[in-house]
Amino acid sequence: MSAISITGLHKHYPRVHALKNIDLTVERGEFFGLLGPNGAGKSTLISIVAGLTRFDRGLVSVLGHDVVADYRRTRRLIGVVPQELTFDPFFNVREVLRIQSGYFGLRRNDAWIDELMQALMLTEKAGANMRALSGGMKRRVMIAQALVHKPDVVVLDEPTAGVDVELRKQLWTFIRRLHREGHTIVLTTHYLEEAEALCERIAILNRGEIVALDNKRALLARGIGRTRRVCVTTAEPLGSLPESLAQKVRRQEGNQLELQLDKHSDSVMAVLDALRAHGAVITDLNMEGADLEDVFVELTHGGSA
Amino acid sequence: MNPAGLYTLFYKEILRFGKVLLQTLIAPVITALLYLLVFGHVFEGRVQAFAGVSYTAFLIPGLVMMSVIQNAFANSSSSLIQSKVTGNLVFVLLTPLSHLEFFLAFVLAAAVRGVLVGLGVYFAGTLFTPVPVQHLGFILLFAFLSSAVLGATGVIAGIWAEKFDQLAGFQNFIILPLSFLSGVFYSIHSLPAIWQRLSHFNPFFYMIDGFRYGFFGVSDIAPGVSLLVVAVSLAVLSGITLLMLKTGYKLRD
């Protein structure tokens with residue numbers, strides 16, 4: 001039985017066709033990545049699975065139960081960490097978690113709450129009011145809230161957006177642990193690196209449509225994520241560019257030049273040599289892995305970077 | 001049913017206003033007492049609404065009910081708008097609570113706050129002058145039903161409003177005038193005919209008149225009629241609220 005099954009899903013907002021005929025299955029025990037730029041429809045899709053948003057057409061089920069007709073059961077089976085940082089300023093951490101347990105009918109859940117707080121390094125803050133917590137701590141409380149009823153399927157909507165590197169690492173470790181313990185994980189992110197590091201299978205959503213859906217290895221084999229971005233700063237603005245680089249330019253503003261290079265066939269040194277030969281004095285150089293924008297360029301250009 | 005979930009949401013709402021008692025219970029009692037002091041001082045001996053009932057005694061049940069109305073509304077509406085604005089309502093919407101359980105928890109918690117504030121105003125008022133109790137059943141029934149009506153209205157307003165400003169508009173342009181013009185400070189028989197007729201379109205008038213009947217055994221209109229109006233108001237507003245919750249209006253768009 002699939003953890004999540006979505007068939008023919010459509011969602012319209014007044015001016016936007018937010019989801020266009022989505023078909024998607026997430027298997028039980030899978031670590032699934034849902035990627036897409038802002039506004040792609042990731043959060044809408046997750047909200048529909050969680051019962052937070054109504055939809056126009058289609059079938060959505062969690063572990064075989066319809067999210068509309070059998071919502072009580074599906075909401076017990078799924079735990080969602082929303083993207084927006086939210087908190088209830090009236091309560092402390094333990095109260096928040098006890099209340100969240102109670103909503104699911106779990107009145108004596110302190111042993112699990114203690115375990116969760118320990119795993120998320122919240123124990124010391126158990127008596128602290130939510131207002132007094134840092135952003136990172138609030139994010140951890142949200143994760144604990146999503147897990148308080150021990151759901152089989154855990155959905156994390158951009159859990160690492162806006163968190164520092166240290167917390168991101170801790171969250172990755174914690175999410176991996178959840179997966180090892182048998183939870184199905186669905187992670188949305190717009191960091192390709194994050195999806196690459198964690199997910200087994202990845203769907204890429206753009207403008208309400210799934211533009212790629214495959215396991216990570218197959219996506220990489222198709223060339224997704226095979227490019228890198230190189231930003232060059234020159235002493236003077238470049239008037240023209242060497243012909244050999246024309247196809248690789250993504251952006252050119254003043255003395256800033258942004259190029260998208262194939263990790264395997266393009267040499268950074270060759271690019272720099274070409275620029276120097278063209279009279280450019282290079283003052284700075286930055287290299288980054290491909291981001292989603294690059295991936296979309298790759299996908300929409302049929303793999304030619 | 002998810003009775004433990006319903007109880008938790010109800011308990012959370014009680015705990016919420018319990019954490020800010022100064023604002024949610026004590027301040028409304030003080031406000032009502034100020035009205036009692038000022039209006040009692042000005043009109044005592046000059047106005048007699050019911051035969052054999054002093055103006056201050058007449059005023060107390062009116063102020064009690066006005067406080068019940070305003071605070072029951074404030075409880076559900078402010079809790080909802082705060083949860084919406086801060087975003088934490090999502091953690092309630094993610095749970096297996098049904099729309100009926102959601103409704104009951106908010107309305108019952110609003111009723112508890114309304115009745116508690118009402119009790120505070122009543123006991124503080126009796127320090128000034130004794131107020132008889134003729135029909136306790138009517139008093140309790142009107143207090144509960146009226147606070148439930150306003151609790152449901154608060155849920156409607158809390159769902160509808162997208163910002164605090166809109167909620168303040170609802171409170172200041174609908175709830176406040178209707179509660180002030182409902183016969184808290186006077187018997188409608190002292191009004192010109194046109195205003196008397198208009199008062200009959202104000203549901204709060206029936207709440208206050210029926211409630212007052214419980215204390216004095218006298219009212220402007222038959223208490224059974226008032227009870228019917230309040231009960232029908234509750235049924236209609238509950239229906240609207242439940243429909244909004246069931247369809248997810250502004251909550252699950």
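User: Which residue just after H2(B) takes a positive phi?

Analyst: In this predicted model, the residue just after H2(B) that does so is Gly45(B), with a phi of about 85 degrees.

User: And what about the helix itself, how many residues does H2 of chain B have?

Analyst: Helix H2 of chain B covers residues 21-43, which makes 23 residues, and from its first C-alpha to its last it reaches 32 Å, close to the 33 Å expected at 1.5 Å a residue.

User: Where does H2(B) bend?

Analyst: The bend is at Ala27(B) and amounts to about 35 degrees, with a proline, Pro28(B), following within four residues.

User: Which residues of H2(B) are buried, and what do they pack against?

Analyst: The buried ones are Pro28(B), Val29(B), Ala32(B), Leu36(B) and Gly40(B), and they pack against two helices of chain B, namely H3 (55-86) and H5 (99-125).

User: Switching to chain A, what is the strand order in the open sheet of six strands?

Analyst: The order is E6-E7-E8-E3-E9-E10 in chain A, and the pairing is mixed. Strand E6 (78-81) and strand E10 (209-215) stand at the edges with a single partner strand each, so one side of each has no neighbour in the sheet. From one strand to the next, the twist averages 15 degrees.

User: In which sense do E6(A) and E7(A) pair?

Analyst: E6(A) pairs with strand E7 (residues 153-157) of chain A in the parallel sense, over four bridges, and within this pair Val81(A) stands opposite Leu156(A) of E7(A).

User: Which strands does H5 of chain A touch?

Analyst: Helix H5 (residues 135-147) of chain A packs on the sheet and touches E6 and E7 of that chain, its direction making about 165 degrees with that of E6(A). Helix H1(A), for its part, lies across E3, E6, E7, E8 and E9 of chain A, and runs at about 150 degrees to E7(A).

User: One more residue: where is Asp56(A), and is it buried or exposed?

Analyst: Asp56(A) is in the loop between helix H1 (42-50) and strand E4 (57-62) of chain A, and it counts as exposed because it has 11 C-beta neighbours inside 10 Å, where the cut-off for exposed is 12 or fewer.

User: What is Asp56(A) in contact with, leaving aside its neighbours within four places in sequence?

Analyst: With those left aside, Asp56(A) is in contact with His10(A), Lys11(A) and His12(A). Its C-alpha atom is separated by 24 Å from that of Glu27(A), a residue 29 residues apart from Asp56(A) along the chain.

Definitions and conventions:
Residues are numbered from 1 along each chain as its sequence is written. Chains are lettered from A and ligands numbered from 1 in the order in which they are written. This is a predicted model: local features need pLDDT of at least 70, side-chain atom pairs count only at pLDDT 80 or more; totals for chains, interfaces and linings use all residues. The expected span of a helix is 1.5 Å times one less than its number of residues. The bend at a residue is the angle between axes fitted to the seven residues ending there and the seven starting there. A residue is buried if 20 or more other C-beta atoms lie within 10 Å of its own, exposed if 12 or fewer, and partly exposed in between; C-beta atoms are placed from the backbone. Two residues are in contact if their C-beta atoms, placed from the backbone, lie within 7 Å. Two strands pair if DSSP finds at least two bridges between them. Axes are lines fitted to C-alpha atoms, for helices over the stretch in contact, and angles run from 0 to 180 degrees between N-to-C directions.
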